[in-house]
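Colleague: Could you walk me through how to read the pockets and the ligand site here?

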Amino acid sequence: MKKTALSELGRRVKAPPISWLMELALSRPQLISLAAGFTDHETLPVGPVRELFAGLLSSRRTGQPALQYGSTTGDPVLRQLTAADFSLLDGVLEPRKVHSPDRMLITNGSQQLLYMAVEALCDPGDIVLVEDPTYFVFLGILQARGAASRGVRLDHDGLNIGHLEQVLERLKRSSELRRVKMIYIVSYYQNPTGVTTSFEKKVKALKVLRRYEKAAGHPIYLLEDAAYRELRFRGADIKSALAVKGHSDRVIYAGTYSKPFATGIRVGFGILPESLFAPVLHLKGNHDFGTSNLPQKLLAQAIVSGKYEEHLATLQKRYAHKARVMRRALQENFPVEVELWEPGGGLYYWARLPHSIKTGIKSKLFQSALAHDVLYVPGALCYCDDPTRRKPDHEMRISFGAATEENIRVGVARLGAVLRDLIK
Ligand SMILES: Cc1ncc(COP(=O)(O)O)c(C=O)c1O
C-alpha cells in the first residue's frame, strides 16, 4: 500500500544527525569520540546514589510515596528546594514571584521543557530565532514541529545584538514578524561553542524583543536554556534573564539536574511566565502527568543531605582539569591557523578552521579523522536552516565531557595530525 497513515508530524520527523555519529562510535570501539555530549563517566555518583536509595527505601513512610504516582507539577519538596537554590544563585534572597515554586515545573530533563515550550508557542510556519550556531537537538524539535528558524550571530559574550535587530527588522519588513514567537539561547557555556552570555546582553536582547512586540501583535519570549550553568570552573556565575527587571514575564527558564548530578536520573525543571504556566502544565499532563517520583525524591534527598553540593564540587574540579588537559593538547597539536574558543565551564571547545578547510561529514577532514579513529561534531550540524544565509562549514565541536584524559590527549593529537596535513 502506498498511502501512509502518518500525521504531518510523523512524516516530518527525522533521525537526529547526531544519532549517526553515536552509532558510529558504538560500532567502532577503537574510535575516540570527542563528539559525544555525554558527561564524565568515572565520577558518576554511584556510591551516593546507592546510599540515597537505601535511605528512601528504608521505611514504608518514605518508600511508598517514592513508588507512587506524583503530581504533574512535580514533587513539592524538590520544587521548594530548587526554587530556593535558584533564587540564591540569581541573588534573590526572598524567593519573589518570579523565582517562586508556584512558577516551577519539574520535567523529564530540561529537554522535555524545550519540547513543551515549542509545542505551546509554535504552529507550523512560525519562526524561532536561535543562536548561530546552537544546540542541534533543539533544531530537531523545530524541524519536526514545522517551525522555521533564523540564526542570530554569536559573539564571545552572547548574541550579537546589532544582528538581532537586523534580523527582526528584516522580518518586520517582510511582514513575518507576527510569526516570530521566541528566541532560544543556551546562555551558559553554550553547546556547541562554550560561549557564556553576559547579563548586559540578556538585558539588551529582552529590550530589543519588547520593541518589536507591537509589530508582532503578541509577546515574543526568550527561552533561556541553562543546562550547563552549574558546570562553572572559571569566573563568577552570571544572573539569569529572569533577574532582568521588568522583563521576567517574557522569560522561560530551562534548568536541569542532569549535568550537575547524573544524566541517568534525568530530572530537569522549568520556570515559566504566568501566561505560559497553565498551557505547558496541561501539555505535561498529556505527556506523562508528572515526572517519576522516585528520581525526584532521590534528588530532594541529595540536596538536603549535602550530597548534591559535594558531588557538584567534584564535577567542577574534574571538568576544570579535563578542560586543561584538552587545552594543552590543542595548543601542542592544532595548527596556529585554528581559532579556538575556550569555555569557562561546560563540556565543549569550539574550533574555527580557515574557511578553505571544510569539516562536514563528507569532507576530507572528517573522513580522514574517521580513518584515524577520531570523531568530532561537524559545525554545520549546529546551524539552523536559515534561508537568508549559508551554513558555515569550517568549524567543529570537540568535547572533553565523556572522553578519558588519555583519550583526550590521543584524540586531539590524531585530529591535529590530520589537520596539519590538510593545512600545510
Ligand atoms: C544545551 C542543552 N540543553 C538541554 C539538554 C538536555 O539535557 P537534559 O534533558 O538531560 O536536562 C542538553 C543535553 O545535552 C543540552 O546540551
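**Pockets and ligand**

Modeller: By class, the second largest pocket is lined by 17 nonpolar, 4 polar and 4 charged residues. For these classes, Ala, Val, Leu, Ile, Met, Phe, Trp, Tyr, Cys and Pro count as nonpolar, Asp, Glu, Lys and Arg as charged, and the others, Gly among them, as polar. Keep in mind that this is a predicted model, where local features need pLDDT of at least 70, side-chain atom pairs count only at pLDDT 80 or more, and totals for chains, interfaces and linings use all residues. Residues are numbered from 1 along each chain as its sequence is written, and side-chain values use heavy atoms, with hydrogens and water left out.

Colleague: What is the volume of the second largest pocket?

Modeller: First the idea: on a 1 Å grid over the protein atoms alone, where a 1.4 Å probe fits, a pocket is an open set of points with protein on both sides within 12 Å along at least five of seven lines, and lining residues have an atom within 4 Å of a point. Points are joined across faces, edges and corners, and the volume is the space filled by probe spheres set on them. Here that gives about 540 Å³. The lining has 25 residues, and closest to the centre are Lys14, Pro17, Leu139, Gly140 and Gln143.

Colleague: Which element gives the largest share of that lining?

Modeller: Helices (H or I, at least four residues) and strands (E, at least two) are DSSP runs, numbered from the N terminus. In this pocket α7 leads with 8 residues.

Colleague: And which space does the ligand take?

Modeller: A molecule sits in a pocket if more than half of its atoms lie within 2 Å of the pocket's grid points. For this ligand, that is the largest pocket, with a volume of about 1,100 Å³. Met22, Ala36, Gly37, Phe38 and Thr39 are the closest to the centre among its 46 lining residues. α2 (17-27) gives the most to this lining, 5 residues.

Colleague: Which residues come nearest to the ligand?

Modeller: A residue is near if one of its heavy atoms lies within 4 Å. Of 13 such residues, Asp225, Tyr228, Thr256, Ser258 and Lys259 come nearest.
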